[in-house]
Amino acid sequence: AASRSQGRVLHRSRFAAQILISAPEAVQILGEPGGVVPHSRDDIERRMRIAIQHKSTPEEAVAAARQVRRVELFRIAVADLVGGLPQPEVGRALSDLTGATIQIALDVAIDQEQRRTSAPLLTDLLVVGMGRLGGNELGYASDADVLFVHSPRVGADEHQAQSQALGIVKDLQRLLSVPGPDPAIGLDADLRPEGKNGPLVRSLDSYRAYYDRWALIWEAQALVRARPVAGHADLSAAFVDLIDPIRWHGAGLSSQDLREIRRLKARMEAERLPRGADKRTHFKLGTGGLSDVEWTVQTLQMEHAHSYPSLRTTSTLPALTAAAQARLISSADAADLAEAWQFAAHARNAAMLYRGRPVESIPTDAREADGTARIMGLPPGSGQELGEDYRRIARHARTVVDRVFYDNPPA
C-alpha cells in the first residue's frame with residue numbers, strides 16, 4: 001500500500017517529488033499508521049528542538065530544524081494529495097509548520113546574541129503573523145508576512161535594546177532565507193508602520209504611539225489578520241490588547257473609511273494585476289478571487305466586530321460563517337463567497353503541487369490544467385472543465401462582492 005501511494009504521489013506531484021529527493025527519509029511516513037496526518041505545532045517544535053541539539057553553529061541548527069520541516073512539508077503534501085485533507089486544514093498545517101520554524105530560528109538567534117555578548121538579554125521579542133500566516137491560511141507558495149515587536153526589559157537602555165532587537169531580527173531573517181533543499185522562508189515585514197520606510201522592528205510603546213497618532217484605515221485592515229506566531233508570551237498578550245481596539249473599532253467604519261477602503265481596493269486591482277494576466281482566472285487579484293472575498297469579509301469584520309465577538313477572528317472562513325450567523329450577509333451570499341475562496345485556494349495549492357513552483361492563475365496549458373484538476377479530485381481530462389468551473393464560481397462571488405462590498409452603505 002505504501003509503495004502504491006508513493007507512486008501515486010510522485011506521479012501526480014512534482015512538488016512532493018522534489019521534497020522527497022531532498023529528504024529521502026520522508027518516505028517512511030507512507031508506511032506508518034497515521035503517517036499522513038499533519039503533526040501538531042507542539043510536536044513539530046519538540047522534534048525540531050531535539051534536532052538542533054549539539055549543533056555548533058546557528059546555521060547548522062536552523063538547517064537541522066529545516067530538515068524536520070521538509071519531512072513535515074512532505075507529510076502535508078501527501079495528506080493533501082491522497083488523504084483528502086480539506087483546504088482550511090492544509091492552510092492551518094502549513095501555518096503551524098511555518099510558525100514552529102520561525103520560533104525555533106528565533107530561539108537560535110537569541111541564543112547566538114546572548115553567547116556573543118555574554119550578558120543578559122536587554123529586550124523580549126515577538127513575531128506577529130500577518131496576511132495568510134496570521135489567518136492560518138498559508139499556501140505552499142506563500143511568503144510569511146510579519147511584524148517584529150520588542151519590549152525592553154526593566155532597567156535596559158532603550159537605544160541599546162532597539163539595537164539588540166534589530167540585530168536578532170536580521171539574524172532571524174538571514175537564517176530562514178538561506179537557500180536550501182526546502183523552500184526558504186522569506187519573512188516579509190512590508191506591512192509594518194510606514195512600510196519599507198519604517199524601522200524593521202519597533203518597541204511595543206513605539207507601536208502604541210504610532211497607532212495612536214497615525215493609524216490609517218489600511219493599517220487597521222491589515223491588523224484584522226494579525227496573530228502572534230513566535231516569541232515572548234506576555235508580549236504577545238500585550239500586543240493583542242493594543243491592536244484589538246484598532247481593528248475591532250467601537251464606532252465601526254465611517255462612510256469616509258468605507259470610501260477609502262473601496263478606493264484602495266480599486267487601485268490594487270488596477271495596479272497589481274500582472275501585465276497580461278486574465279482577470280477572470282487570477283487566484284489572488286482576479287474578479288471573485290481571494291482578495292475580493294477577503295476584503296469583503298474584513299470590511300464586515302471592521303464594521304461589526306465590536307457588536308459581534310464571533311467576528312473577531314483572523315481567519316476568512318470562520319469570519320464569513322460568523323457574519324452569516326449574525327445576518328450581516330445572507331447565507332446564500334456567504335456560501336458563494338466561501339465556495340470561491342476555497343476553490344481559489346485549492347486550485348492555487350493544487351497547481352503548485354503539480355508543477356513544483358508557484359502558479360498564480362488557472363493554467364492555460366492543457367496538460368497542466370488537467371494535472372491540477374486531477375489533484376483537485378476531478379477525473380482525467382478535466383482541465384478545460386476546471387477553467388470553466390473556476391470562472392463560473394468566481395463570477396458568482398464577484399456579483400456578491402459588487403453588491404456587499406462596493407454598494408453597501410455603512411450600518
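**Reading the Structure: Questions and Answers**

Trainee: Between which helix and which strand is the loop in which Asp182 is found?

Mentor: This is a predicted model, in which local features need pLDDT of at least 70 and side-chain atom pairs count only at pLDDT 80 or more, while totals for chains, interfaces and linings use all residues. Residues are numbered from 1 along each chain as its sequence is written, and side-chain values use heavy atoms, with hydrogens and water left out. Helices (H or I, at least four residues) and strands (E, at least two) are DSSP runs, numbered from the N terminus. The loop that holds Asp182 runs between helix H7 (158–177) and strand S3 (187–188).

Trainee: Is Asp182 buried or exposed?

Mentor: A residue is buried under 20% relative accessible area, exposed over 50%, and partly exposed in between, with a 1.4 Å probe and protein chains only. Because its relative accessibility is 3%, Asp182 counts as buried.

Trainee: Which residue has a side chain joined to that of Asp182 by a polar contact?

Mentor: Contact means heavy atoms within 4.5 Å, and Asp182 is in contact with Arg66, Arg69 and Arg70, leaving aside its neighbours within four places in sequence. A polar contact is a pair of N or O atoms within 3.5 Å; within protein, one must be able to donate a hydrogen and the other to accept it, and residues adjacent in sequence count only if both atoms are side-chain atoms. At 3.1 Å, the side chain of Asp182 makes such a contact with that of Arg66.

Trainee: Which residues touch the most other members of the largest nonpolar core?

Mentor: A nonpolar core is a set of buried Ala, Val, Leu, Ile, Met, Phe, Trp, Tyr and Cys residues joined through side-chain atoms within 4.5 Å. The largest such core has 132 residues, and the members that touch the most others are Phe74, Phe148 and Phe239.

Trainee: Which helix gives this core its largest share?

Mentor: In soluble globular proteins, nonpolar side chains tend to be buried together. The largest share of this core is 14 residues, and these come from helix H14 (residues 331–355).

Trainee: Which residues are in contact with Val78, neighbours within four places in sequence left aside?

Mentor: Val78 is placed in helix H4 (residues 58–82). Its relative accessibility is 0%, and therefore Val78 counts as buried. Outside its sequence neighbours within four places, Val78 is in contact with Val9, Leu30, Val36 and Gly83.

Trainee: To which strands is S1 joined by bridges?

Mentor: Strand S1 (residues 123–129) is mostly covered, with 7 of its 7 residues buried. Two strands pair if DSSP finds at least two bridges between them. In antiparallel fashion, 7 bridges join S1 to strand S2 (residues 144–152), where Thr123 stands opposite Pro152. Another 4 bridges, also antiparallel, join S1 to strand S5 (residues 227–231), so the strands asked for are S2 and S5.

Trainee: Why are the buried residues of H8 on the same side of the helix?

Mentor: In helix H8 (residues 204–214), the buried residues are Leu204, Tyr207, Tyr210 and Tyr211.

Trainee: How do the rings of Tyr210 and Tyr211 pair?

Mentor: Rings of Phe, Tyr and Trp (its six-membered ring) pair if their centres lie within 6.5 Å; planes under 30 degrees apart count as stacked, over 60 as edge-to-face and the rest as tilted. The structure holds 7 aromatic pairs, and Tyr207, Tyr210, Tyr211 and Phe239 form one aromatic cluster. For Tyr210 and Tyr211, the distance is 5.7 Å centre to centre and the planes are 70° apart, which makes the pair edge-to-face.

Trainee: What is phi of Ser118?

Mentor: Ser118 is placed in the loop between H5 and S1. With a relative accessible area of 65%, Ser118 is exposed. Its phi is positive, in a residue other than glycine, and is near 50°.

Trainee: What is phi of Glu194?

Mentor: Glu194 is found in the loop between S3 and S4. Its relative accessibility is 42%, so Glu194 counts as partly exposed. In this residue, again other than glycine, phi takes a positive value near 70°.
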